[in-house]
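My notes are below the structure.

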Amino acid sequence: MRPHIEPFCDRDVRFKNMRLPGFATGMRYKMLSFDPETGGCTMSVQLDAGYRQAPGFSWGERELTVIEGELQVGDRTCRKGHYFFLPAGYALPEVRSDKGCLVLEMHNTGEPSHEESTEHHPQAQVDLYHDVDSFMDIPWAMGNVTKPSVAAGCLIKLLNYNPISHAMTFLYCMAPGFWQDNISYHDCAEESYHLWGTSWMMQFGDIPTGGYFWRPAYINHGAFASEFGCIALGRTDSKLFNHFHYNPWSTPVENADRSLARIYQRDPLLYKWAFSKDHNHPHGPEDFEQTMKRRGDEDGHDTEHASDGHRHDHWHGHHHSDHDSPHRHPLDEPHDDHHE
């Protein structure tokens with residue numbers, strides 16, 4: 001499993017020469033994330049001027065996006081924003097860069113490899129291959145591919161979708177002035193690389209051009225904002241579902257329990273079959289959104305909406321920072337530094 005990497009910017013580290021067998025000289029990389037069990041990884045890669053790679057295939061699934069410059073793939077010239085999905089065993093023709101280029105490479109199922117060949121591997125799922133100029137040939141769509149969805153102003157372009165695992169690769173952008181004030185986590189791992197622009201996240205600060213994260217499941221993130229907008233490439237390793245809430249101190253274990261609690265409430269037979277170790281259990285795991293301490297109805301609070309975790313009206317205008325105020329909220333209390 002890849003560890004949590006956030007925040008990170010590849011501009012802060014130096015390129016290393018690629019020394020794995022099969023790769024041509026003139027290829028340099030920055031390792032962004034790495035799975036020590038499978039060898040899967042994500043790298044930003046600099047191909048020097050005059051780079052040439054003989055035809056061949058990778059033994060693992062591979063995704064490639066041109067960040068800057070031009071990449072020649074056979075007789076085609078691919079520019080900034082061009083995306084490739086390469087199933088394991090799919091052979092590309094000669095790849096070269098006459099003037100050099102910067103690319104993002106994702107090796108999802110194994111370590112980087114290159115087997116020189118002009119033919120696809122006999123077991124390659126060649127029908128899964130596709131490539132596209134993602135900047136020019138795909139329109140932006142609303143970022144509501146999942147429900148509940150992100151706030152208005154975040155748009156996506158879907159680049160790859162796995163119908164079995166529901167894993168996705170996509171471009172996303174935040175419009176200038178974008179903001180979303182809740183906290184979220186997911187049941188899947190997700191990664192992102194900022195192709196251009198800067199966004200901000202409450203827990204991790206600014207993510208600039210070249211900024212990257214690999215975020216395992218159940219890690220809190222948000223609120224979000226982008227003053228001038230940004231464009232990034234994102235990927236999830238399974239189905240994306242937004243668990244939104246307003247408790248910044250919940251841990252990944254608590255978030256996972258809450259996710260299981262939602263499965264238990266929505267589909268108790270599925271939970272019993274998949275998760276329960278004791279089929280005579282009196283109840284499912286805790287959903288902290290239902291059991292956490294609530295704001296009371298005293299002193300004019302709008303309890304009708306405060307209890308659902310979605311809205312809290314402050315129409316009466318008191319200050320929560322006043323230590324003597326009877327309206328002081330639990331989140332104003334000091335908290336232990338051990339919370340993740």
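**Ground rules.** I am working with a predicted model, where local features need pLDDT of at least 70, side-chain atom pairs count only at pLDDT 80 or more, and totals for chains, interfaces and linings use all residues. Residues are numbered from 1 along each chain as its sequence is written, and side-chain values use heavy atoms, with hydrogens and water left out.

**Confidence.** I looked up pLDDT (the predictor's confidence in each residue, from 0 to 100): the protein averages 86, and 82% of the residues score at least 70. Residues 300–340 fall below 50, though this stretch has 48 contacts beyond near neighbours in sequence (contact means heavy atoms within 4.5 Å). Where pLDDT is low, the predicted coordinates should not be read in detail.

**Cavities.** On a 1 Å grid over the protein atoms alone, a cavity is a set of points where a 1.4 Å probe fits but cannot get out; a pocket is an open set with protein on both sides within 12 Å along at least five of seven lines, and lining residues have an atom within 4 Å of a point. Points are joined across faces, edges and corners, and a volume is the space filled by probe spheres set on them. I get three cavities of 30 Å³ or more.

Strands (DSSP E runs of at least two residues, numbered from the N terminus) giving two or more lining residues include β16 (154–161), β17 (168–174) and β20 (190–197).

The second largest cavity holds about 200 Å³. Of its 19 lining residues, Tyr51, Gln53, Arg62, Val95 and Glu105 are the closest to the centre. β5 (51–53), β7 (62–69) and β12 (101–107) each give two or more residues to this lining, with the largest share, three residues, coming from β12.

**Helix α1.** Helices are DSSP H or I runs of at least four residues. At 1.5 Å times one less than the number of residues, the 15 residues of α1 (252–266) should span 21 Å, and the end C-alpha atoms are 21 Å apart, so the two agree.
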